[in-house]
Amino acid sequence: MRILLVEDEPEMVSALRAALKRHDMVVDHAGTLLEAEGFVAVDSYDAILLDRQLPDGDGLSLVPRLRSAANTTPVLVLTAKGDTSDKVDGLDMGADDYLAKPFAFEELLARLRALLRRPAPMQSQFIRAGHLVLDVGHREAAIRGEPLSLPRRELLVLEALMRRTGRMVQREALMEAVFGLDDEIQSNALDTHVSRLRRKLADADAGVTINGIRGVGYLLRETT
């Protein structure tokens, strides 16, 4: 189970990460709304644990953005705002559950299990841009129906960029999508993968281009 924890209190983060990992959950941590948006843009999660009081705004504002982007990941809001009106606001904005602080970890775990037992809605496993189609489930790319052979890391770069077609993806988000924490990464490794991918897409007339902003990130644009 992969969880995104959006929380800025160091003690809470430390306690929750340790407890969730003891139950064999992989935990990514975002301390701000901006960081959370970067994570969900390039990765998929089984559930999101979301604090409301974040340094750059109300965490609840992330939920309608997810839903408008057809992201149906279950969201469990964790907050010190435990009034009935706060809970109603959270649920009305698209959150799946609401847990007031302080809470017992056993209850949090039970609520997570309940969320994950809900049947997931049917979603397209395909992302399209230009003449390019990416089958996310099978990690396969095709241009005009013809398979495009790409190594794993180039596929991961492509998926991260296609999920935000027309919008920049920061280097840090791409690095997290492509490389594991324990990978030994050379300073130009990401640029090398992007360069190779860009050349293959151009040679195959994919109808897309990859543009870079030096030191900031990359974006994929449709040219057709």
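Which strands and which helix do the buried residues of H1 pack against? Let's start there, after a word on the model.

## About the model

This is a predicted model, in which local features need pLDDT of at least 70, side-chain atom pairs count only at pLDDT 80 or more, and totals for chains, interfaces and linings use all residues. Residues are numbered from 1 along each chain as its sequence is written, and side-chain values use heavy atoms, with hydrogens and water left out.

## Helix H1

Helix H1 covers residues 10-22; helices (H or I, at least four residues) and strands (E, at least two) are DSSP runs, numbered from the N terminus. Met 12, Val 13, Leu 16, Ala 19 and Leu 20 of H1 are buried (under 20% relative accessible area, with exposed over 50% and partly exposed in between; 1.4 Å probe, protein chains only). The buried residues of H1 fall within an arc of 145° seen down its axis, so they line one face; the arc is that of the directions from the helix axis to the C-beta atoms.

As for the opening question, these buried residues pack against strands E1 (2-6), E2 (26-30), E3 (47-51) and E6 (75-79), and against helix H5 (105-117). Turned away from the buried side are the exposed Pro 10, Glu 11 and Arg 22. Just after H1, Asp 24 has a positive phi of about 60°.

## Glu 154 in H6

Glu 154 sits in helix H6 (residues 152-162) and is buried, at a relative accessible area of 2%. Leaving aside residues up to four places away in sequence, Glu 154 touches His 193, Arg 196, Leu 197 and Lys 200 (contact means heavy atoms within 4.5 Å).

Conventions:
The expected span of a helix is 1.5 Å times one less than its number of residues.
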